[in-house]
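Trainee: I have this model open and would like to go through it with you. Where do we start?

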Amino acid sequence: LVCVHDVRSGGSAVSSWRAHAGAVLGLDASAQAGMLATCGSDGVVKVWDPRGASADAYTCVASLTSHADQAFSTCFFSADRALASVGDDGALVLYSCAAADVVP
């Protein structure tokens, strides 16, 4: 479960959703585009867009299935033009956000 809180309004939850089939193990927020990336025990890395979000969830704009086992860390880098993830399969996977239309 991912929960987004607004710290300016006392920390109340503004959005929450089930992001993965299993546990969410990692999350990163892009500094430039306001996107979120999550990874989980299902081995999937997902990218979420807050624009056009319903009251209870962001919109999944990419579901990346490069890991053979759980993915436990993800990170935007290079001015949000790339995303990296690390998994229990021993893989460090790099994604081009522009090529995958991950970040508009």
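Mentor: With a definition: rings of Phe, Tyr and Trp (its six-membered ring) pair if their centres lie within 6.5 Å, and planes under 30 degrees apart count as stacked, over 60 as edge-to-face and the rest as tilted. Trp17, Trp48 and Tyr58 form one aromatic cluster by that rule. This is a predicted model, where local features need pLDDT of at least 70 and side-chain atom pairs count only at pLDDT 80 or more, while totals for chains, interfaces and linings use all residues. Residues are numbered from 1 along each chain as its sequence is written, and side-chain values use heavy atoms, with hydrogens and water left out.

Trainee: How many aromatic pairs does the structure hold?

Mentor: There are 2 aromatic pairs. In one of them, the ring centres of Trp17 and Trp48 are 5.3 Å apart and the planes are at 55°, so that pair is tilted. Trp17 belongs to strand β2 (residues 12–17) and Trp48 to strand β5 (residues 45–54), so the pair ties together parts that are 31 residues apart in sequence. Strands (E, at least two residues) and helices (H or I, at least four) are DSSP runs, numbered from the N terminus.

Trainee: Is Trp17 buried or exposed?

Mentor: Trp17 is buried, at 5% relative accessibility. Buried means under 20% relative accessible area, exposed over 50%, and partly exposed in between (1.4 Å probe, protein chains only). Trp48 counts as buried too, at 6%. Trp17 also pairs with Tyr58, and that pair is stacked, with 4.7 Å centre to centre and 20° between the planes. Tyr58 sits in strand β6 (residues 57–64), 41 residues from Trp17, and is buried at 17% relative accessibility.

Trainee: Now the overall fold. How many helices and strands does the chain have?

Mentor: The chain has 0 helices and 9 strands. Buried residues are 39% of its 104 residues.

Trainee: Which residues have the most contacts inside the largest nonpolar core?

Mentor: Val45, Val47, Leu64, Phe76, Leu83 and Tyr95, in a core of 13 residues. A nonpolar core is a set of buried Ala, Val, Leu, Ile, Met, Phe, Trp, Tyr and Cys residues joined through side-chain atoms within 4.5 Å. The elements giving it two or more residues are β4 (36–40), β5, β6, β7 (71–77) and β9 (92–96). Another core lies apart from it and has 7 residues, among them Trp17, Ala19, Leu36 and Trp48.

Trainee: And what is Val45 in contact with?

Mentor: Beyond its neighbours within four places in sequence, the partners of Val45 include Thr38, Ala62, Leu64, Leu83 and Tyr95. Contact means heavy atoms within 4.5 Å.

Trainee: Why is strand β8 largely enclosed?

Mentor: In β8 (residues 82–87), 5 of the 6 residues are buried, so the rest of the structure largely encloses that strand. β7 and β8 run antiparallel and are joined by 6 bridges; two strands pair if DSSP finds at least two bridges between them. Cys75 is opposite Ala84 in β8. On to β9: β8 pairs with it in the antiparallel sense over 5 bridges, with Ser85 opposite Val93.

Trainee: What is in the turn between β8 and β9?

Mentor: The hairpin has 4 residues between its strands, and Gly90 in the turn has a positive phi of about 85°. In the hairpin of β7 and β8, also with 4 residues between the strands, Ser78 takes a positive phi near 55°.

Trainee: Last topic: which side chains meet in a salt bridge?

Mentor: Arg8 and Asp6, at 3.3 Å, N to O. The structure holds 1 salt bridge, the term meaning a side-chain nitrogen of Lys or Arg within 4 Å of a carboxyl oxygen of Asp or Glu. Arg8 is exposed, with a relative accessible area of 77%.
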